[in-house]
Amino acid sequence: MLKTHEPPRTLSQPSQYTLKEQFNKYSRLTLPGHKTSIHTVRWSPDGVYLAAGGKDKIVNLYRATESDMVPDPRYTNHGHSGDIDDISWNPTSLYQFSTASTDKTAKVWDIRYIDPIASIRLKNENLTVNWSSDGQTIAVADRNDWVSFLDVRMGFRVMKDLKFPFEVNDLVWTKDNELLFVTSGDGNVHIFNYPDLQPLMVLDAFASPCLCIRFDQSGRYFAVGSNDAVSSVWCSQNLACISAIDRLEWPIKAISFSHDGKYLASGSEDHFIDISRTKTGEQEMVIEVNAPTLTLDFHPKHNILAYALDEHDYRDQGTVKVVGFPEKERRNDRHPNVRQ
């Protein structure tokens, strides 16, 4: 396993601007590196690296410096033989992330090395991957509603395969790692105790399939994106809905909270990304786009948003967009297309 040079970690100073000010002040970066559509973008826990994967079967890394996002194409000839549909970073490590692919494998990567440190053969084409809050388990859900739980301490071995009696779309652990939330095609959020995975309750307040779910960093709130074009925000303690965003017209495919939990970004096939206030659902701003949004992720420490679009109809490559990145000098040839 070939070890790579480890660059210094940067972009550590907090922003002096509000989210709206930062998105308006700085231009939108366009990061090339993929040959076709990008299905997933995820920031590392410290926000220094951005990982992207998609239909071209490769993982690209981009490193944040004080003034730019620098491509780090170390994995372009290594890895999967199928589409990469999801990426998840180990929340307890600055170096490890996992990928889920349609080639029926999950892989674990360490950015200090070129090759994956583990490759796990699973049952079916994979849909989503999520790392537990304590960093000890990886859950991989496939398109046939099996979820495989990988034990990190035991060399990423499969410690349990569980077939769910409903369509599994996404899953996430609570911050204390005691509960697992699973969104389903029956329009519910199923809540399980962890690690025994016994059903605890079903949150059945949705009118259509629930597609995605995310917690904010504090663990106080979680958001659900559903097929009826609604993003809803919930209190994780009393499981009460505190706000709902219904300005989009197409199913919500991607959601993400800002680093401070004040804002929620929602993406769909609409030609804008909605940025709303978490507690009220009021619109803070929109980011205009020219194609459906496939994935998005807020930076864990700054008012920066990365996203990728379904650009295959008019572009022969896939690009990552980054809004709010604190460049030292604004690039006048790039415009943020932010509408207030």
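Trainee: How many helices and strands are there in the protein?

Mentor: The protein has one helix and 29 strands. Helices (H or I, at least four residues) and strands (E, at least two) are DSSP runs, numbered from the N terminus.

Trainee: What kind of model is this, and how are residues numbered?

Mentor: This is a predicted model, in which local features need pLDDT of at least 70, side-chain atom pairs count only at pLDDT 80 or more, and totals for chains, interfaces and linings use all residues. Residues are numbered from 1 along each chain as its sequence is written, and side-chain values use heavy atoms, with hydrogens and water left out.

Trainee: What is the mean pLDDT of the protein?

Mentor: The mean is 90, and 89% of the residues reach 70 or more. pLDDT is the predictor's confidence in each residue, from 0 to 100. Over residues 329-340 the pLDDT is below 50. That stretch still has 33 contacts in the model beyond near neighbours in sequence. Contact means heavy atoms within 4.5 Å. Where pLDDT is low, the predicted coordinates should not be read in detail.

Trainee: Why is S44 called buried?

Mentor: Buried means under 20% relative accessible area, exposed over 50%, partly exposed in between (1.4 Å probe, protein chains only). S44 has 1% relative accessibility, so S44 counts as buried. S44 is found in the loop between β2 (38-43) and β3 (49-54).

Trainee: What makes the pair S44 and D46 a polar contact?

Mentor: A polar contact is a pair of N or O atoms within 3.5 Å; within protein, one must be able to donate a hydrogen and the other to accept it, and residues adjacent in sequence count only if both atoms are side-chain atoms. The side chains of S44 and D46 are joined at 2.8 Å. The side chain of S44 also reaches the backbone nitrogen of V48, at 3.3 Å.

Trainee: Is S132 buried or exposed, and why?

Mentor: S132 has a relative accessible area of 0%, so S132 is buried. S132 lies in the loop between β10 (126-131) and β11 (137-142). A polar contact of 2.6 Å joins the side chains of S132 and D134.

Trainee: Which residues is S132 in contact with, leaving aside its neighbours within four places in sequence?

Mentor: They are P91, T137, W173 and N177. D176 is 44 residues away from S132 along the chain, and their C-alpha atoms are separated by 9.6 Å.

Trainee: How do you know that β3 and β4 pair?

Mentor: Two strands pair if DSSP finds at least two bridges between them. β3 and β4 have five bridges, in the antiparallel sense. L50 stands opposite Y62 in β4. The two strands form a hairpin with four residues between them, and K57 in the turn has a positive phi of about 75°. β4 also pairs with strand β5 (residues 69-72), antiparallel, over four bridges. There, A64 has M69 as its bridge partner.

Trainee: What makes β4 mostly covered?

Mentor: Six of the six residues in β4 (residues 59-64) are buried. V59, L61 and R63 point one way; N60, Y62 and A64 point the other way. In a regular strand the side chains alternate between the two faces of the sheet.

Trainee: Why are β1 and β26 said to stand at the edges?

Mentor: Four strands form an open antiparallel sheet in the order β1-β28-β27-β26. β1 (29-34) and β26 (293-298) each have a single partner strand, so one side of each is left without a neighbour in the sheet. β26 pairs with β27 (residues 305-309) over five bridges. L296 stands opposite Y307 in β27.

Trainee: How much of the protein is buried?

Mentor: Buried residues make up 59% of the 340 residues.
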